Amino acid sequence: MLQEKSFYRVGATRPTAVDVRIVAATNRDIERGVGEGWFREDLYFRLKGLVLRLPPLRARPDDIALLAVLILEEAAAEVKRPGLALSEAAVAALERHEWPGNIRELQNCLRQAAALAERDVLGADDLRLAGAARPAAERRDTDATVLATLRQHGFDMQATARALGWDRSTVTQRLKGLGFRALVDADGDPGRAAADLAGDAALTRTVEVKLREYHEHLLRTVQAFDSADAAIAACRRRFKNLPERHFRSLESLVRRAFD
């Protein structure tokens, strides 16, 4: 049906034509599933059209305040309290929370606060958040903070790791992801990408050496494959510690290499 846009009803002798769009969603790594054999490759490539990757809310702390304002406006309209707003303390509490229930938990939290709060500017206590907040090190786990720390320490991986409370390999994966994104933004020019990341002309050469090393390693990884899709599936396994939000940049670089 996906391929031919038609199917046979049970017992029918003539096909039925269909005109449909398929929306498929999963929380599993389907490309890895193709590589490991537990998901059908032919089905994967028939379903794969426009792909949208949505990380969990805890991996997007910079989005929380923007989403909270929008959700609170909608919740305030529902309970006919248009003047509701969030205090700085409330926003900080939202950004510290783990959000295991993702956007639905955030929606329920703010709808409850809008209905029950006795004041127009909601404080942290009005949110009634339960459970442990993210550790300080995890709250600092944003690309902007990681990049600022790298710059502060001259892109010394060990010093940056100590400052963030991470191990060196984690910092390396984060810089690798930032580097892949910078290369995409710079149309594959490592000099431009390094200058954008370095933020200081004195550090550009140091960063460029690292970016070239990461990019050349990526190209060596994919050169044995006959297609970009097969190479990307292999990269899912090889670069499994790369943050998901940066894998799209890696995918772009791989497709550019095959093009």
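How much space lies in the largest pocket? About 1,900 Å³, with a pocket taken as an open set of points on a 1 Å grid over the protein atoms alone, where a 1.4 Å probe fits and protein lies on both sides within 12 Å along at least five of seven lines. The volume is the space filled by probe spheres set on the points, which are joined across faces, edges and corners. The pocket is lined by 49 residues, and T26, R28, L52, R53 and L54 sit closest to its centre; a lining residue has an atom within 4 Å of a point.

This is a predicted model, so local features need pLDDT of at least 70 and side-chain atom pairs pLDDT 80 or more, while totals for chains, interfaces and linings use all residues. Numbering runs from 1 along each chain as its sequence is written, and side-chain values use heavy atoms, with hydrogens and water left out.

As for helices (DSSP runs of H or I, at least four residues, numbered from the N terminus), α1 (30-36), α2 (41-47), α5 (102-116), α9 (168-185) and α13 (244-258) each give the largest pocket at least two lining residues. The largest share, 4 residues, belongs to α9. Sorted by class, that lining holds 23 nonpolar (Ala, Val, Leu, Ile, Met, Phe, Trp, Tyr, Cys and Pro), 18 charged (Asp, Glu, Lys and Arg) and 8 polar residues (the others, Gly among them).

The second largest pocket has about 210 Å³ of space. Its lining counts 13 residues, with A59, R60, D62, D143 and R245 closest to the centre. Two or more of the lining residues come from each of α3 (61-78) and α13, and α3 gives the largest share, 3 residues. Here the lining has 9 charged, 3 nonpolar and 1 polar residues.
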